[in-house]
Amino acid sequence: MRLMKMLLISITILAFSSNSHSQSEKGTLQIDSEPGGIIEAKQLTKGSRIGSFYYSPEWARGNVQLSQSRLLSNQILRYDTYNNTIELKSIKTNRVLLLLCNDVISFDMTDSSGFNHKFINSNKFPSIEEKNARSLDGFFEILVDDEFIKLLSKTTTSILKSNYNMALGVGEKNDAVIKTESFYIFRNNSLLEVPKRKRVFLEYFSSEENKLAEFMNEEKLRVTDKEDLIKLVKFLTPNDLSRNQ
């Protein structure tokens, strides 16, 4: 009987930090072989789609805090807002690896202008009980990080399917990526989606309503503008409020 030929399977050892042992096995990368912390290999594909799933399409330097309290430092990464995953690129092999959302506590990345964006897993915050509340799976970007109040943003990405009619030759041939940014305030252990109307926004801060309304009018700030919201929430931090008494 003829002996069957043996198929050799190569196992690649990848190290992301001096404190992490990494091993690829059946398309996955395991960190210290502990539960969670699974990093899956990603195969990049191209399609007829307008727009990008990524927070920023450019790769950036950053750090990733894993759920088992291990830090992957000085990584090359980007954030996929559609799949709620983080991609890590190996410098040596140019291989792209995928970090699943539930295996990450937080991460940061520095853009080309030198600004450092900080993100935290949304499961670190209470859910919103409001009717028709948005799904918060994924990561919040931290826009204002104060001990007593935080301003967070959530980028939700969806796909608008092609509506091209071949018979008539009309419509859009390509799918389009649609991104929506919503804002949240975390205060008194409660998470609130920032309302679109000024009056509703002021009602939420009833104890500071008069001062806040005066500040908004003086600075001509809108609750629908990202930079204006950052100014408003910074104004609401205890230190700023005491200076404006």
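Author: Asp175 has its place in strand β14, residues 175–187; strands (E, at least two residues) and helices (H or I, at least four) are DSSP runs numbered from the N terminus. This is a predicted model, in which local features need pLDDT of at least 70 and side-chain atom pairs count only at pLDDT 80 or more, while totals for chains, interfaces and linings use all residues. Residues are numbered from 1 along each chain as its sequence is written, and side-chain values use heavy atoms, with hydrogens and water left out.

Reader: Is Asp175 buried or exposed?

Author: Buried means under 20% relative accessible area, exposed over 50%, and partly exposed in between (1.4 Å probe, protein chains only). Asp175 has 16% relative accessibility and therefore counts as buried. A polar atom of its side chain lies 2.7 Å from the backbone nitrogen of Ser162.

Reader: How many aromatic pairs does the structure hold?

Author: Rings of Phe, Tyr and Trp (its six-membered ring) pair if their centres lie within 6.5 Å, and planes under 30 degrees apart count as stacked, over 60 as edge-to-face and the rest as tilted. The structure holds 13 such pairs. The rings of Phe125 and Phe186 are edge-to-face, because their centres are 5.0 Å apart and their planes lie at 80°. This pair links distant parts of the chain, with Phe125 in the loop between β11 (116–121) and β12 (139–145) and Phe186 in strand β14, 61 residues apart. Both Phe125 and Phe186 are buried.

Conventions. A polar contact is a pair of N or O atoms within 3.5 Å; within protein, one must be able to donate a hydrogen and the other to accept it, and residues adjacent in sequence count only if both atoms are side-chain atoms.
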